[in-house]
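Biologist: Let's go through this model together. I will ask how you know each thing.

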Amino acid sequence: MLCLLLRHLERKGYKFFRKILCIRWVLVLSQRKNIIMKTFQTLLTEISEGILTITINREEKLNALNAQLIVELGEAIDELYNNDEVKACIITGKGPKAFAAGADIAEFKGMSKEQGIFLAKRGHAVFNKIELSPKPVIAAVNGFALGGGCELAMACHIRIASENAKFGQPEVNLGIIPGYGGTQRLVQLIGKGKAFELLMTGDTIDAVCAERLGLVNDVVQTVELLEVCRALLHKINGKAPIAISKVIECVHAHFKDGIDGFDTEIEEFSNCVSTEDFTEGTNAFLEKRKASFKGK
Ligand code: COA
């Protein structure tokens, strides 16, 4: 109604109202592009074209993961689960040097066993939430991914690294072991022998080596890192969302104790068959057109 009135006044030649109209549309567009979500002290978040980008924002500490950051990361990931506008997520680090250089070592001083249990369980809960997300999550690894940083990248479904990225689990240098799932996910990704080597030596490896081991999916030029990740997610977002979530579920079933992943696949395959997207996908193929999936 307001819009119609402003348009009418503008047609009548009231230039002042043209300005109001412009401001209004800028507001509407900015709200559409960057659907406002909670702001965080340790993270930057942006939602654009269905992709939630979470940037770890402690550049001066090489994006070390302190307690507040872990809590905020969990809250930011809730947006991925709960916001229908969000179809996928990228996690990256601020600045040219680090994705995340590990848990914040400054917070380790004087830690008791009970606090150690609490810290590890809290990290596990957040990283599991990332891993189990029904929507795809990519780690855009833009530099050091050490300790908890490497564990965070491993909790994501896909890892794309920039040429300067470095990976490692150096916890043994501090007299501890990984506490955010690293001993498990590293074995899953690169196998037992190489995982033992990296976990026992605390060595850091470069992006090319990480790709050779299967720790990262691809290595790209630093300047194009985010663009490559976005393009990959747009490609995935063009597929049937329920099918994508079932792929995630079935792959995870492989690693769950007491669950036969083949049974999970039979179950989820049949669940996909009863979706509208399955009908749309098969019709589109037969009619030689691009499928338009609705996630139903
Ligand atoms: N926790 C807390 N602070 C960290 C950190 C971490 N994991 N990693 C880096 N920082 C801080 C440094 O203390 C320094 O802070 P300051 O400027 O206030 O002194 C700042 O980030 C820059 O790091 P710096 O060590 O000066 O950079 P560098 O380029 O010389 O070295 C690393 C980079 C990554 C090799 C080195 O910072 C490092 O080894 N970090 C710890 C890695 C680790 O063990 N992670 C596992 C933790 S469980």
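**How do you know?**

Biologist: What kind of model is this?

Modeller: It is a predicted model.

Biologist: What makes you call strand β5 mostly covered?

Modeller: Buried means 20 or more other C-beta atoms within 10 Å of a residue's own. In β5 (residues 137–141), five of its five residues are buried.

Biologist: How do you know which faces of β5 are covered?

Modeller: In a regular strand the side chains alternate between the two faces of the sheet. Val 137, Ala 139 and Val 141 lie on one side of β5, with Ile 138 and Ala 140 on the other. They are all buried, and both faces are covered.

Biologist: Why do you say that β5 and β7 pair?

Modeller: Because pairing takes at least two bridges, and β5 and β7 (residues 158–162) have four, in the parallel sense. Ile 138 stands opposite Ile 158 in β7. Strand β3 (residues 88–93) is also joined to β5 by four bridges, and these two run parallel. There, Thr 92 has Ala 140 as its bridge partner.

Biologist: How do you know that the buried residues of helix α6 line one face?

Modeller: Those residues are Gly 182, Arg 185 and Leu 186. Seen down the axis of α6, they fall within an arc of 100°, so they line one face. They pack against α5 and α7.

Biologist: What describes the packing of α4 and α5?

Modeller: An angle of about 30°, with the axes 8 Å apart. Residues in contact include Phe 127 in α4 and Leu 152 in α5. By class, the contact has four nonpolar, two polar and two charged residues.

Technical notes. Residues are numbered from 1 along each chain as its sequence is written. This is a predicted model: local features need pLDDT of at least 70, side-chain atom pairs count only at pLDDT 80 or more; totals for chains, interfaces and linings use all residues. Axes are lines fitted to C-alpha atoms, for helices over the stretch in contact, and angles run from 0 to 180 degrees between N-to-C directions. Two residues are in contact if their C-beta atoms, placed from the backbone, lie within 7 Å. Ala, Val, Leu, Ile, Met, Phe, Trp, Tyr, Cys and Pro count as nonpolar, Asp, Glu, Lys and Arg as charged, and the others, Gly among them, as polar. A residue is buried if 20 or more other C-beta atoms lie within 10 Å of its own, exposed if 12 or fewer, and partly exposed in between; C-beta atoms are placed from the backbone. The arc is that of the directions from the helix axis to the C-beta atoms.
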